[in-house]
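Reader: I'd like to learn how to read a few features off a model. Can we go through them one by one?

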Amino acid sequence: YPVESIRNFSIIAHVDHGKSTLADRLLEITGTISKTDRNKQVLDKLQVERERGITVKAQSASLFYNHEGINYLLNLIDTPGHVDFSYEVSRSLSACQGVILVVDANEGIQAQTVANFYLAFEAQLSIIPVINKIDLKNADPERVEKQIEKLFDIPTDECIRISAKQGTNVEKVLQKVIEKIPPPQCNTADPLKALVFDSTFDHYRGVVANIALFGGEIAKGHKIVSAHTKKRYEVHEVGILTPDEQPTHKLYAGQVGYLIAGMKEVAEAQIGDTLFLYKQPVEPLPGFKSAKPMVFAGMYPIDQTEYNNLKSALERLTLNDSSVTVHRDSSLALGAGWRLGFLGLLHMEVFNQRLEQEYNMSVILTAPTVPYKAVLSSAKLIKEYGKDQITIINPAQFPDKLSVSEYLEPTVLGTIVTPHEYIGKIITLCQDRRAVQKDMLYIDENRVMLKYLFPLNEIVVDFYDALKSLSSGYASFDYEDAGYQSADLIKMDILLNGNPVEELATIIHNDKARAAGKLLCERLKETIPRQLFEIAIQAAIGKKIIARETLKAYRKNVVAKCYGGDITRRMKLLKRQAEGKRLMRKIGNVEVPRDAFIRVLKRE
Ligand code: GTP
C-alpha cells in the first residue's frame, strides 16, 4: 500500500453514543469480520468492558477497502470513552490524521463530546462529524447539527446522519474518511521512525507494542533501539491488527501495527517512545505526558493468608496496566497491603473488578484520597526529604502546619452539559463542592454547558452520582487536570477513649472537617459493638475536638446467663469469643472488630 492510500483515524464519542457499534459496522463492511452476532463489539475485549459497556483499553484494527477502483488501507484506532482514560484518547490520537466524531441524535452534545472534540482539534486532526442513532423515535438530528455548528463551528451540512445499529449511511462514513482525512505524511525511504502508542503483555511472547510508522520500514531481524531507554532489541515479529494480530513480512511508513522484540516488561515499551534502527538514530517524536494517578486507596487482602496470592495477582494485572502505581503499605487493623494509585474512580473500580473476575480475589479497598502537596518551611524536614515540596498520598505522612508554609490540592476543570431546568440545583451542588464557575454557555434553547474549577477531592467520591441523581440522569460530566491550588488543609484524627485510630485519619479541607467528623463518629457508633465500659468516639483536629458520639456500656454478661446450665454450650460460647478476639484490634482498652474498620473505611 503506497502511503497515499493509507488513512489512520480514530472514532471519538461520549459514552454510549455508539462508537463500538460503528467500529463493528466498519469492520463488517470491509469484510474484516463476519456478520455474526458473536462478533458484536469485537474491539471491546475485556470482560469488564463487555459488562459495563465501556471501553477501557484501546484496540486497533486495519481495514481493507476498495473505493473507485483503488485499494485503501484504513487503520482504525479505537479509543476509550470515559474521562478516567482520556490520556488513552490523546495517545491514540497521536497516531492519527483524523477522527470520526460520533454524537447521539437523541442526547446531542455531551460533556465528553466537548472534551474529545478539543483533543482532536488541538492535535489539528480532520474531524468528520457523524450523528448516530437516527433510527431512534426521539432522534432530532437537526437540533444536534445546530449544536455542532454553534459549539464547534462545523457547518450543518458536513454532518453525516447514520444508524450504526442498522448500517444506514455507514458506507458514506468510509468514503468521507478517504476524501477528508489526509494520508500520513511520511516516506518509506527515510530512516525508521516508529511511535509506540500502546503496549500489552503476553506471557509467551513478552511485550507486544502497538506502533505507528512515521518513516522507514521494519521487519523481522532488524536491530532497533528505544530512544527512551537506549536499549537495543532484535525484531522477532511485526504484523497488522485485524483486530487479531496477523504477522506480515514488513511494516512500512504510514502503517499501524504491532511489534514483538523480546521486551520483557511493559516499562520497556514506554507509551510515546520512538524506535529507530541501530546506527540510524533519528530525532524522537514528541512523547506523551505519562498518565498521572489522581486517586489513591489502600488495598488489603480480606484474609492475611491470601497476601501472597493477591501480590502475584497485582503483579500480573499491573503488567498490562502500567497506569496503576503500587506501593507497599500496612495498617494495624488490616495488616499488610498496598497503596495503589489510579487515574480516577472508574479506573479504580474497573481494576478491582478485574482482580475479582480474572484472578478470583476479593479485597478491601479503603476510602480514596487525592495526592496533596505541602511546601515545607522546616529546615529539618527539607533536609530529611531532600526537597522543599512533598506529595502526600497517605494521611499518616501529613506534615504539621508548623513545618509547612503552604498546603496544595489538585484541581480539575470540569465540563457539565445539562438541560437548563437543572441549572439551579447543579450550581448549588458545585458551590457545595467548593467549585468556581469559569463559563456558562447555551448550546441550544434548552441545553447549557457549564465549566467549573473543582478541587479534585470534592469530585472523586460521589460527585458524578449526585449530579446524575439531581438531573434525573440527563447531565453529563467530564474533567481535565488543572494543576494545583493553595488549600486550607488539616488532618482529622478519630479517637476512641482518647486514643487515635491511625487508619481512620483523613486529610480534609478545614471547612468540611466538622461535617465529615460527625458522620464518621456516627458510623463508628453504629459499627463498634458495645463493651463493658462507655466509649467516647471523637473527631479531632490536633487537640481540638470537633465531633463526639458516646457508645453506652454493655451490661449483660453472655456467659453468666447460662452458667450452671449446659457446659458444652458454655464452652462453645467461650470458644466463639476467643475466635472473635483474633479478629479484634485493640485501641487503648477498646476492642474494635476488624470488619467495623472495613465497613467504615469502605466506600459506600
Ligand atoms: P463506550 O465504549 O462506552 O464509549 O460506548 P460506545 O460509544 O462504544 O457505545 P456502543 O457502541 O456500545 O453503543 C451504546 C448503545 O447504543 C448500545 O446499546 C448500542 O446497541 C446502541 N446503539 C449504537 N448505535 C445505535 C444506533 O444507530 N441506533 C440505535 N437505536 N442504537 C444504537
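Author: Here are some notes on a helix pair, a strand residue and the cysteines. This is a predicted model, in which local features need pLDDT of at least 70, side-chain atom pairs count only at pLDDT 80 or more, and totals for chains, interfaces and linings use all residues. Residues are numbered from 1 along each chain as its sequence is written, and side-chain values use heavy atoms, leaving out hydrogens and water.

Reader: At what angle do helix H1 and helix H6 pack?

Author: Helices are DSSP runs of H or I with at least four residues, strands runs of E with at least two, numbered from the N terminus. Axes are lines fitted to C-alpha atoms over the stretch in contact, and angles run from 0 to 180 degrees between N-to-C directions. Here H1 (residues 19-29) meets H6 (residues 170-180) at about 80°, axes 10 Å apart. So H1 is roughly perpendicular to H6, a label for 65 to 115 degrees. On the H1 side, Leu22, Arg25, Leu26 and Ile29 make the contact (heavy atoms within 4.5 Å).

Reader: Is Ser476 buried or exposed?

Author: Buried means under 20% relative accessible area, with a 1.4 Å probe and protein chains only. Ser476, in strand E26 (residues 476-486), is buried at 2%. Its side chain also reaches the backbone nitrogen of Ala111 at 2.8 Å.

Reader: How many disulfides are there?

Author: A disulfide is a covalent bond between the sulfur atoms of two cysteines; the rule here asks for sulfur atoms within 2.5 Å. The count is zero. As for individual cysteines, Cys430 is buried at 0% relative accessibility, and Cys521 is buried at 1%.

Definitions and conventions. Buried means under 20% relative accessible area, exposed over 50%, partly exposed in between (1.4 Å probe, protein chains only). Angles under 35 degrees count as roughly parallel, over 145 as roughly antiparallel, 65 to 115 as roughly perpendicular and the rest as oblique. A polar contact is a pair of N or O atoms within 3.5 Å; within protein, one must be able to donate a hydrogen and the other to accept it, and residues adjacent in sequence count only if both atoms are side-chain atoms.
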